[in-house]
Amino acid sequence: MKPSLLILFIISSSLFSQSKIVIKGSDTLGAKMIPKLAEAYQNKFPSTKFEIAAEGSSTGIAAIIDNTADVGMSSRELKGKEKASAGANGVFLFKTVVASDAVAIIINEDNPLNSLTSKEVERIFTGDVSNWSSVGGPSGKISVYTRNTSSGTYAFFQKVALSSRDYGSSSQKLAGNEQIATEVAKNKYGIGYVGLAYLKAKGIKAVKLNGFFPSNDSVNSNDYKLSRGLNCFTNGKPSGITKKFLEFSLSLEGQEIVESTGFVKIR
Amino acid sequence: MIKPDQKDRLIKAFFGGNAMMAIVILGLITLFLFKEGVEFFGQNKNELDIFRQSGMEYASVVSDQHNKQTFIFRYFEEILAKETEAYEQSLEGKAGSIVKISKDELNTFLEFIKSFQDIKDYLLLYEKKVVKLAAETKQFLKTKEIVSEVRSYATQKNLPREDFSITVEEIEYRSSFTHKELDRWQNYFLRNEEEEIALKIDPRPGETFGEEKINVINYVSEIKNSYNSEYLDIVTRQNEDYSRLLESFSYEFILQESEISFEKAKLAFREYVETLDKYESRLKEWDPQQDFPFSRAVTSFVLGKDWVTNSARQDWFGVLPLFTGSLLVTVIALLLAIPLGVGAALYVNQIASSREQSFIKPWIEFISAIPSVVIGFFGIAVLGGWMAAFSDERLNSLTAGCLLALMAVPTIFTLAEDSLNNVPRAFKEASLSLGATRWQTAVGVVFPCALSGIVSAILLGMGRVIGETMVVLLCAGNRIAIPDFTSGFGVFSQPVHTMTGIIAQEMGEVEFESIHYRALFMVGVVLFLVSMLINYSSQLIAKRYKSAY
């Protein structure tokens with residue numbers, strides 16, 4: 001082919017191959033991790049545009065069902081109602097796990113305890129036990145800090161760590177991860193739970209759960225029980241550029257980015 | 001050209017119309033609030049009936065029994081805490097530590113505590129099992145209701161009968177629905193273009209329960225049978241193991257009082273054992289078919305001691321913890337604000353020189369200009385830290401109370417000062433001319449005269465404080481439980497939740513027209529009634545005791 005025609009072909013094809021991926025959903029995924037992945041992807045394939053809106057896992061799943069997004073980010077599993085809605089709309093929700101997150105149990109760094117069993121965690125957060133001495137700690141009343149009822153982490157912890165029992169009535173409901181970390185850091189007898197990314201705060205330390213610290217290895221080997229997958233839902237198996245983006249997220253480079261954001265790689 | 005006569009009438013109509021509009025809008029808000037709220041009671045009655053029919057009530061009795069055992073456990077736990085503290089102090093060589101024991105010896109007590117909890121767990125496991133069965137039954141009952149509803153709808157709409165031939169009577173007798181059937185019925189409505197109805201049916205694809213993939217089952221008979229087959233055995237086993245544990249326990253207490261407390265705890269345990277037959281009779285007599293009276297739906301809200309939402313078991317909507325929380329922070333705020341506000345008003349109005357007046361007044365009034373969210377932020381950042389010096393909890397009712405007092409002072413100050421001003425000068429001058437000092441005049445003559453206005457000012461300050469949301473949401477600690485008034489002054493260091501705070505916190509997550517949504521509206525109604533009462537009494541007092549000068 002003549003060189004000028006070739007150049008024209010290349011220019012026109014790059015102009016017409018502007019493609020867009022619409023991603024909606026969870027704040028846990030959409031605040032830092034997905035944007036970073038999108039940025040790295042764009043560096044490789046500059047013709048792709050991203051539209052990311054992180055207004056909560058429920059909005060992401062609803063958007064896939066309505067067909068207003070390509071990828072729905074969710075830090076939780078599907079609810080029955082959502083599966084029913086999807087079925088009713090002829091949508092098949094396909095899940096791709098792009099990262100793992102662990103919920104770490106934190107105590108004040110001056111607390112001499114280092115590990116707790118799941119039974120003890122259940123007993124502490126449901127209020128069965130109210131003094132640190134009953135779990136082998138120093139003498140002092142346990143101050144329990146939790147998230148509030150609108151948080152997915154609250155629901156997840158209740159289901160997995162408390163086997164669906166109710167939180168103790170003396171627990172204090174705070175609005176976010178940062179607030180829990182702050183209160184536990186300031187209270188010698190405090191205990192709470194936060195996502196992995198908040199362990200770096202000063203004054204707190206994570207406890208071993210059944211002998212395992214929350215870390216990449218313990219999450220991937222399934223030894224740390226309070227781990228959850230961070231999901232991307234699509235309508236049916238991903239295809240086209242959505243497929244390429246999700247494959248990138250699962251690639252070595254993508255998983256490095258996942259880790260740098262503070263989450264855990266999928267092996 | 002508009003005649004001046006007509007112009008007058010137009011102006012009157014305009015302003016009158018505005019006034020009418022304000023009242024009409026107030027009426028609409030009230031109506032809307034009450035309409036949304038009152039439907040709550042019907043939904044609550046429904047919830048209570050399902051609570052009983054599904055076996056969740058049975059589970060809650062087992063739960064109560066387990067909680068009573070936990071309560072007894074607390075006595076032992078307290079003793080362990082004191083022993084541990086004494087042990088820690090003896091390690092540090094503090095004065096007064098008598099018996100020196102080794103860590104191993106303390107550990108025998110710790111082991112006792114752990115074994116006690118393990119025996120308690122027998123009942124807990126049974127409770128968890130019953131809860132699971134009851135939750136499934138709840139799902140079954142809700143599904144049955146929906147299927148009946150859509151069957152009636154299909155009949156009404158004259159939709160073809162082939163794939164949905166089950167009759168409403170047949171639905172009543174069913175004790176389970178399979179996932180296949182529900183899926184088929186959902187598709188039936190989709191084919192007949194009734195998408196909204198189809199969405200109500202939830203076939204729960206892919207979920208299993210037990211070994212089979214059957215969908216929703218009524219487990220009420222299982223629950224009733226488990227009373228004889230499991231519950232009685234568990235209680236017997238518990239009694240045996242508890243007695244064995246208590247008898248074989250040998251440990252030398254560090255503190256003398258611990259030994260006395262231990263005997264007391266054993267006594268409490270024996271008292272519990274004597275109440276065992278009460279639990280047994282409650283469980284035996286549980287009748288899933290008996291309906292709750294409608295009054296229960298009302299009292300469980302107005303006098304309910306629990307506000308639990310998003311529970312896997314049963315949601316409870318009792319306003320009492322929130323109401324007492326609001327009341328507690330209001331009382332604290334008023335205790336602080338009244339002396340400050342009224343005192344300042346008296347001083348500024350009667351005693352201060354005009355230079356002091358022009359300095360103090362604007363600054364106090366400036367406080368009311370600070371946004372409440374900034375004050376709340378100051379609370380968590382700074383005041384909480386100071387509070388940690390007095391109490392275990394940083395964010396508690398005292399923290400919120402102090403900040404609310406700060407916000408109430410300008411209101412009380414301005415209105416009290418106003419009413420002091422309205423006392424005729426003749427009174428003050430007459431008193432001074434009779435030889436009274438300025439201070440005697442202020443306290444003995446002017447203040448009692450303006451009292452009705454001052455009381456009215458206080459009530460308005462109270463109204464402001466009760467309705468404040470941001471400060472309490474950030475600083476009151478957010479513990480949903482009735483504050484423990486038996487601990488005397490300790491009640492001030494307890495975190496509380498308030499009516500305003502709970503609405504702000506939970507409104508974002510409730511489903512439109514669900515029972516939780518309506519319950520929050522009812523809390524709003526209670527707030528509205530309280531504010532109206534306060535404002536009405538403030539106006540009444542101002543009017544009744546206002547003497548004509």
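I start with a strand pair: E4(A) and E8(A) are antiparallel and joined by five bridges. Strands pair here if DSSP finds at least two bridges between them. Helices (H or I, at least four residues) and strands (E, at least two) are DSSP runs, numbered from the N terminus. Within that pair, Ile105(A) has Tyr193(A) of E8(A) as its bridge partner.

Before going on, the conventions. This is a predicted model, in which local features need pLDDT of at least 70 and side-chain atom pairs count only at pLDDT 80 or more, while totals for chains, interfaces and linings use all residues. Residues are numbered from 1 along each chain as its sequence is written, and chains are lettered from A and ligands numbered from 1 in the order in which they are written.

Back to E8(A), which covers residues 190-195 of chain A. Is E8(A) enclosed or open? Five of its six residues are buried, so the strand is largely enclosed by the rest of the structure. Buried means 20 or more other C-beta atoms within 10 Å of the residue's own, exposed means 12 or fewer, and partly exposed is in between, with C-beta atoms placed from the backbone.

E8(A) also pairs with E6(A), residues 143-146, in the parallel sense over two bridges. In that pair, Ser143(A) is the partner of Gly190(A), and Val144(A) is the partner of Ile191(A). E6(A) has a further parallel pairing, with E7(A), again over two bridges; there Tyr145(A) stands opposite Gln172(A). As for side-chain direction in E6(A), Ser143(A) and Tyr145(A) point one way, Val144(A) and Thr146(A) the other way, and all are buried.

Now chain A as a whole. It has eleven helices and eleven strands. Its C-alpha atoms fill a box of roughly 85 × 40 × 30 Å along the principal axes. Of its 267 residues, 46% count as buried. Two residues are in contact if their C-beta atoms, placed from the backbone, lie within 7 Å. Among contacts in chain A between residues at least 6 apart in sequence, 73% join residues at least 24 apart.

Next, the cores. A nonpolar core is a set of buried Ala, Val, Leu, Ile, Met, Phe, Trp, Tyr and Cys residues joined through C-beta atoms within 7 Å. Which residues have the most contacts inside the largest core? They are Ala102(A), Ala104(A), Ile105(A), Ile106(A) and Val184(A), in a core of 63 residues. Strand E4 of chain A, residues 93-108, supplies the largest share of this core, nine residues. Leaving out residues up to four places away in sequence, Ile106(A) touches Ala181(A), Val184(A), Gly192(A), Tyr193(A), Val194(A), Ile204(A), Lys205(A) and Ala206(A). A second, separate core has 51 residues, among them Leu403(B), Met407(B), Ile412(B) and Ala457(B).

On to the interface. Here 34 residues of chain A are in contact with 41 residues of chain B. On the chain A side, helix H5 (80-89), strand E7 (172-173) and helix H8 (177-186) each supply at least two residues. H5(A) gives the largest share, seven residues. By type, the chain A side divides into six nonpolar, 19 polar and nine charged residues. Nonpolar covers Ala, Val, Leu, Ile, Met, Phe, Trp, Tyr, Cys and Pro, charged covers Asp, Glu, Lys and Arg, and the others, Gly among them, count as polar.

In chain B, the axes of H2 (residues 56-91) and H8 (residues 256-274) come within 10 Å and cross at roughly 175°. H2(B) is therefore roughly antiparallel to H8(B). Axes are lines fitted to C-alpha atoms, for helices over the stretch in contact, with angles from 0 to 180 degrees between N-to-C directions; under 35 degrees counts as roughly parallel, over 145 as roughly antiparallel, 65 to 115 as roughly perpendicular, and the rest as oblique. The residues of this contact divide into nine nonpolar, two polar and four charged.

Val62(B) also lies in helix H2 of chain B, and counts as buried with 24 C-beta neighbours inside 10 Å. Its C-alpha atom is separated by 8.9 Å from that of Val130(B), 68 residues apart along the chain.

Last, a backbone angle. Ser163(A) has a positive phi of about 40° although it is not a glycine. Ser163(A) is in the loop between helix H7 (152-160) and E7 of chain A, and is partly exposed, with 15 other C-beta atoms within 10 Å.
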